[in-house]
Amino acid sequence: MRPPVQSGQNVIMDIEDIGMAGEGIGHVQGYAVFVPGVLPGEKARVGITHAGRSMAHGRCLEVLVPSVNRVQPPCPYFGACGGCQLQHLSYEGQLQFKQNQVQQALRRIAGVDVEVSPIVGADGSWRYRNKAQFPVGGRKGDVQVGFYRPSSHDLINIADCLIQPHGCARAAEALRKAMAQLGVEPYREQDGSGYVRHLLVRTNTSGDILATLVTNGWPVPHIQQLADALMAVPGMVGVVQNNNTRRDNVILGRENRLLAGRETLEETVMGNRWQVSPLSFLQINPKQMEKLYALAVSAATEGLEKPVVLDAYCGIGTMTLALALKARLAYGVEIVSAAIEDARRAARENGIDNVCFEAADAGEQMKKWVAQGRKFDSVVVDPPRKGCSEAFIGALLEAGPGRIVYVSCNPATLARDIKALAAGGYRIDRCTPVDMFPQTVHVETVCLLVRRNSLHINIDVDVEEMLQEKHGQATYPQIKEYVLEHTGLKVSSLYISQIKRKCGLDVGDSYNKPKSEDAKQPQCPPEKEEAIKSALKHFGMI
């Protein structure tokens with residue numbers, strides 16, 4: 001059957017939804033058309049670029065009626081660079097999109113109709129990433145260090161990236177200039193020739209920078225001069241060379257050597273200190289990582305007296321050590337042996353001795369533990385985007401822990417695995433999205449599942465209050481209790497957050513804010529404002 005639109009044709013259409021990759025979706029006579037750069041509620045003139053039997057792709061020629069959520073993208077590379085997909089959508093709109101993404105995946109794929117908790121928004125939606133991976137290309141004397149165009153390996157130079165700290169772009173520019181001046185040939189994917197493949201840049205919350213040159217083999221002309229150029233970037237503390245001769249899309253090889261400075265960055269996660277190497281996995285948004293881990297740790301341990309917990313797909317053990325502070329014993333399993341070495345070292349350096357790490361495939365190790373009769377009160381899983389393996393899901397169901405906390409960066413595979421866990425006797429108790437990646441379509445989710453024959457847990461986690469308590473600040477219940485005891489007044493969390501903002505205190509962007517600028521919200525009465533301020537003074541917060 002001939003589709004209702006053809007390649008090269010221009011059509012006017014209403015945009016109804018956003019797809020998983022951030023493109024707008026409209027229909028012509030029931031035929032779906034995917035169009036990047038347009039938003040739900042908009043009417044647009046679209047040029048059809050490809051028409052298949054079941055769907056078409058197009059490009060926006062003109063937005064005729066804009067969405068109320070449309071904003072001007074601040075990045076000059078938006079649309080040309082494939083890194084961000086949602087800069088044209090207001091941050092409030094981004095949060096709603098991600099909330100719906102999780103909700104729809106659970107309904108459509110898992111077949112469960114559960115109310116997803118409000119998404120935990122980011123305190124800042126720019127300059128948040130602690131890691132940048134710049135492909136290197138071009139030719140000798142005309143080097144490109146930047147990002148790929150959407151759905152291609154067409155590389156464009158990037159002078160700055162607004163979701164990276166300034167030091168990342170400075171490192172990219174320093175490498176570009178040094179390679180061009182020294183005549184170092186960039187890597188060519190077509191024939192595997194050339195030397196420098198990628199520049200990996202890590203930063204920490206202290207502003208330190210660690211650069212890794214991924215090279216096509218060890219002997220690279222002028223490698224020390226390249227390292228010296230990078231060390232001249234303000235904040236640079238070390239340069240490492242990584243060897244990768246593979247002819248595929250894997251960025252890092254397994255071997256490193258130090259070229260200058262030091263080979264790790266120190267970072268603090270949930271009160272524990274870490275030495276982060278080029279090969280270490282660490283969540284890329286430090287502030288949101290703390291909120292994510294607070295949710296997961298609470299779901300796994302709240303209401304349990306010193307539980308035994310397992311952290312599967314544990315990486316370098318950041319979550320495991322956070323769990324260990326609330327558990328009698330915490331286990332971690334990860335297939336990458338270097339990550340387990342990092343985890344064991346961090347446990348020693350932080351004086352945590354109630355942890356046990358295993359370098360193994362999570363499914364195989366889980367089978368061994370089941371055969372040994374080992375019991376876990378809670379199991380936390382944080383797999384890669386592809387989700388858990390079938391072997392692990394099977395062994396997990398056989399182990400039968402009271403709680404499973406699933407941390408996911410992919411709603412589709414989260415929903416797929418939840419469907420299998422539901423068939424094995426578990427139900428969703430709570431599901432909370434966390435915006436770890438503003439300006440992009442990606443979202444993290446923390447989902448608590450309990451055995452159907454277990455007591456209802458109903459954990460109500462306030463991430464901001466948990467982090468306040470960790471940092472030695474008064475929590476909202478403590479402020480309410482003080483106000484009631486000393487004035488007889490009852491105050492709400494909303495009123496407390498309003499007065500904290502008035503006093504210049506930090507309140508998370510997602511905490512008790514109106515859903516839109518026009519939304520009406522009750523304001524704290526003067527007598528309650530004075531009572532709350534008195535409590536803030538008592539606790540030394542103002």
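Me: Which residue in strand 8 stands opposite Y148?
Reply: In this predicted model, Y148 stands opposite L155 of strand 8.

Me: How many bridges join strand 7 to strand 8, and which way do they run?
Reply: Three bridges join them. The two strands run antiparallel. Strand 8 covers residues 155–157.

Me: What about the hairpin of strand 7 and strand 8, how many residues are between the strands?
Reply: Six residues. One of them, S151, has a positive phi near 55°.

Me: Which residue is the bridge partner of G138?
Reply: V143, in strand 7.

Me: What is in the turn between strand 6 and strand 7?
Reply: Two residues separate the strands of that hairpin. G141 sits in the turn, with a positive phi of about 85°.

Me: Where is the nearest cysteine sulfur to C409?
Reply: In C388, 11 Å away. C409 is in no disulfide.

Me: Is C447 buried or exposed?
Reply: C447 counts as buried, because its relative accessibility is 0%. C409 is buried as well, with a relative accessible area of 16%. The cut-off for buried is under 20%.

Me: Now helix 12. Why is it described as largely enclosed?
Reply: Because eight of its 10 residues are buried. The helix spans residues 493–502, and the rest of the structure largely encloses it.

Me: Which residues of helix 12 are buried?
Reply: S493, L494, Y495, I496, S497, Q498, I499 and K500.

Me: What comes just after helix 12?
Reply: G504 does, with a positive phi of about 80°.

Me: Which elements give two or more residues to the lining of the second largest cavity?
Reply: Strand 9 (196–203) and strand 13 (265–269).

Me: Which residues line the second largest cavity?
Reply: N130, R202, T203, N204, L265, E267, V276 and L282.

Me: How many of the lining residues are nonpolar, polar and charged?
Reply: Three are nonpolar, three are polar and two are charged.

Key. Residues are numbered from 1 along each chain as its sequence is written. This is a predicted model: local features need pLDDT of at least 70, side-chain atom pairs count only at pLDDT 80 or more; totals for chains, interfaces and linings use all residues. Side-chain values use heavy atoms; hydrogens and water are left out. A disulfide is a pair of cysteine sulfur atoms within 2.5 Å. Buried means under 20% relative accessible area, exposed over 50%, partly exposed in between (1.4 Å probe, protein chains only). Helices (H or I, at least four residues) and strands (E, at least two) are DSSP runs, numbered from the N terminus. Two strands pair if DSSP finds at least two bridges between them. On a 1 Å grid over the protein atoms alone, a cavity is a set of points where a 1.4 Å probe fits but cannot get out, and a pocket is an open set with protein on both sides within 12 Å along at least five of seven lines; lining residues have an atom within 4 Å of a point. Ala, Val, Leu, Ile, Met, Phe, Trp, Tyr, Cys and Pro count as nonpolar, Asp, Glu, Lys and Arg as charged, and the others, Gly among them, as polar.
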